[in-house]
Every structure is written in C-alpha cells, then in structure tokens.
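Trainee: Hi! Could you walk me through this model in plain words?
Mentor: Happy to, let's open it up.

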Amino acid sequence: MRDIKLVEVRSEIAAGTRGASMGIDALKIASLDKTSDFFTQFDPINVPDANSFLWKGNRHPHAKYIDGVYQVLKNVYSTIESLRLEKKFPIVLAGDHSTAAGTIMGIKSANPEKRLGVIWIDAHADLHTPYTTPSGNMHGMPLAMCIQADNIECQVNDPLEDTILFWEKIKKIGGEFPKIKPEDIVFISVRDTEEPEDFLIKKYGIRNFTTDDVRTLGVDKVAKEALDILQDCEQIYISFDVDSLDSSISVGTGTPVPNGLTVEEALKLNAELIKDKRVCCWEIVEVNPTLDTENIMAENAFDILEATTKSLVENF
C-alpha cells in the first residue's frame, strides 16, 4: 500500500469569493452522510493558512493578498517537500487553487533531478500573472508561478513595485528555476481562458483534452494519451479542481463553467490516471459550501476523492 498522508490546506485568500476554506470540512460532513470511514484511515496534516490577511484589506490590486499567498505557498511547499523526502504520497485537500503552486514546488524540491509532469483537470488554465490578470485573484496564477512566466508579451496591468517583489519571491520558492516545463502540463476540460493564457498555451503547445474529447475518445483513451504526453516525466502530479465539473453540478464552487465533466467522468478519469506508478501526489480543490445547497458539491467531490484513493491503494 502507498504510504498515504492527507494534507489539509484551508486557504481561501486567493479566491474571488469567500468560503473555500470550509470545503475540507464539507467533505468530512459528506463522508459522514455517506457513512464512510475514509477520514479515520489517514492522519491529516494541517498546513497553516493566512486567511487572517482578509481582515487587513488588500493592498495589491493585480495580485490580491499576495503577501499572504506567499506565506501559504511557503507553508505548503515545506510540508509537501518533507512528505516526499519521506516517500509519502500526499493527498491534498485544499481551498483555493493557488496553493497547488506550493505543492508543485515541494514535489520538485524533494527530487530536483526528476522531471515533473502535471495533469491539470480544471475549467481554467491558471496561467495568469499580475501583469495579465483581469481579476487580480491569485488562484488563477499557480501554473504561471511554476513555469516562472510573467507573460510580458500580453501585459495589460502595471503591478505595484511591492507586488512585483512578492511575485518574484513566490516564483523562487524551492529554487530559482522553473519547477515544471510548460510542455509537461496537460489540461483536461479547460474551457474558460483569456487571451494572455491562450497565448502561452499556443506558444508552448500545451495539450488540452476538452470535455468533448473525453466524450468522443472515452475516459480510458484520454487518460492514456495524457500520460503518454508525459512519457519523459519521472513524476506526475494530478490537480483536480471541482469546477472542471459542469456548472449544472458544480454550484458549490467559486467559478462554475458550462460544458464540464459529469461526476462519473471525473471519477473514472481520476481513478484511471492515478494507477500510473509515476503519480506521486493528487489534489482536490475549490469546494465552497457557502455557494451550495445541501452540500451537494462536497458529496460529489467526496465520491471522487474516495474512488481515486481506493484506485491508488488497489493498484499499487
């Protein structure tokens, strides 16, 4: 059995709406409603958040609460690095998606010689920077942090000097080098992007398996092709944002988008991908019960979490 460690990150300062910090507890309530013993099987690690920055007010319009985001990313990075050095398999339950950058930085720091691939199951590409973001919300920036992109070619904002200083510090967490190559990113169900992100996707030839691809090719073939694209990677990290699900399902998340995956498709996809022995970490993010009714999003997300973990254990 893989030595699994649950990592809980209740950060929500990088999201545009409040409430994602409650997503982990919503998942636990869902497990109780389903009479599952999932959360009794693993001892969780709680990573300190910086949600207190929300009370101080934002001083960085093009990278909101970047000073707090920097703190959280350092905390996540050091936690994941330690777990990977101990050969643990982190299953990360997180609030907003910005913390995925800390996860990637920690994986890379523990094994800097190993090429790391990323499968990003999400409605969004999360390739924005303070120079390009339309919202300033930093949950749209984690992959740009990890490839160390500024995307000045598509600049529309003039970030404050302090903002740039924090941005440069964030990109260097875990080392002054890109943690992943852009061509080692595979998107699944990404469908809500802006021009600056489209520019980077085209520039680096990042493959996106659309929801229609999942329907046409089938889950098994998409999983195989996604893993084949990363054939030169020795480690793979899978990040699952619940807004990859269709907006008719994913009400309980901050940025729902139509034409997404069904729960069954997402469940099968994650369970299939995690069978690959190179996968070293899996993450689920952006459950927000304050936007939901009767905890439906968390119940669907918990089904995916439980099935993916079961697949991981059974296929070791």
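Trainee: Which strands does helix H3 lie across?
Mentor: Keep in mind that this is a predicted model. Helix H3, residues 100-110, lies across strands S3 (89-94), S4 (116-121), S7 (235-241) and S8 (279-285). Relative to S7, the helix runs at about 170 degrees.

Trainee: Okay, and what order do the strands of the open sheet have?
Mentor: The order is S2-S1-S3-S8-S7-S4-S5-S6, eight strands with parallel pairing. At the edges sit strand S2 (44-47) and strand S6 (207-209), and each of these pairs on one side only. From one strand to the next, the twist averages 20 degrees.

Trainee: What holds paired strands together in general?
Mentor: Strands of a sheet pair through backbone hydrogen bonds, and the pairing can be parallel or antiparallel.

Trainee: How many bridges join S1 to S2?
Mentor: Four bridges join them, and the two strands run parallel. S1 covers residues 4-9. To find one of these contacts on screen, pick Val7, whose bridge partner in S2 is Ile45.

Trainee: Switching to charges: how many salt bridges are there?
Mentor: The count comes to 16. Side chains of opposite charge can pair when their charged atoms come close.

Trainee: Which residue does Arg115 form a salt bridge with?
Mentor: Its partner is Asp184, with the closest N and O atoms 2.7 Å apart. Arg115 lies in the loop between H3 and S4, while Asp184 lies in the loop between helix H5 (161-171) and strand S5 (185-188), so the pair ties together parts that are 69 residues apart in sequence.

Trainee: And is Asp184 buried or exposed?
Mentor: Asp184 is buried, because its relative accessible area is 2%. Arg115 has 25%, so Arg115 counts as partly exposed.

Trainee: Nice. What does the side chain of Lys171 meet in a salt bridge?
Mentor: That would be the side chain of Asp150, at 2.8 Å from N to O. This pair also links distant parts of the chain, 21 residues apart: Asp150 is in the loop between helix H4 (142-147) and H5, and Lys171 is in helix H5. Lys171 has 6% relative accessibility, so it counts as buried.

Trainee: What about Glu272, which lysine does it pair with?
Mentor: Glu272 meets Lys275 in a salt bridge at 3.1 Å, N to O. Glu272 is partly exposed at 26% relative accessibility, and Lys275 is partly exposed at 34%.

Trainee: Last one: which residues are linked in a network of salt bridges?
Mentor: Look for Glu8, Arg10, Asp25 and Lys28, which are linked in a network of this kind.

Definitions and conventions. Residues are numbered from 1 along each chain as its sequence is written. This is a predicted model: local features need pLDDT of at least 70, side-chain atom pairs count only at pLDDT 80 or more; totals for chains, interfaces and linings use all residues. Side-chain values use heavy atoms; hydrogens and water are left out. Two strands pair if DSSP finds at least two bridges between them. Axes are lines fitted to C-alpha atoms, for helices over the stretch in contact, and angles run from 0 to 180 degrees between N-to-C directions. Contact means heavy atoms within 4.5 Å. A salt bridge is a side-chain nitrogen of Lys or Arg within 4 Å of a carboxyl oxygen of Asp or Glu. Buried means under 20% relative accessible area, exposed over 50%, partly exposed in between (1.4 Å probe, protein chains only).
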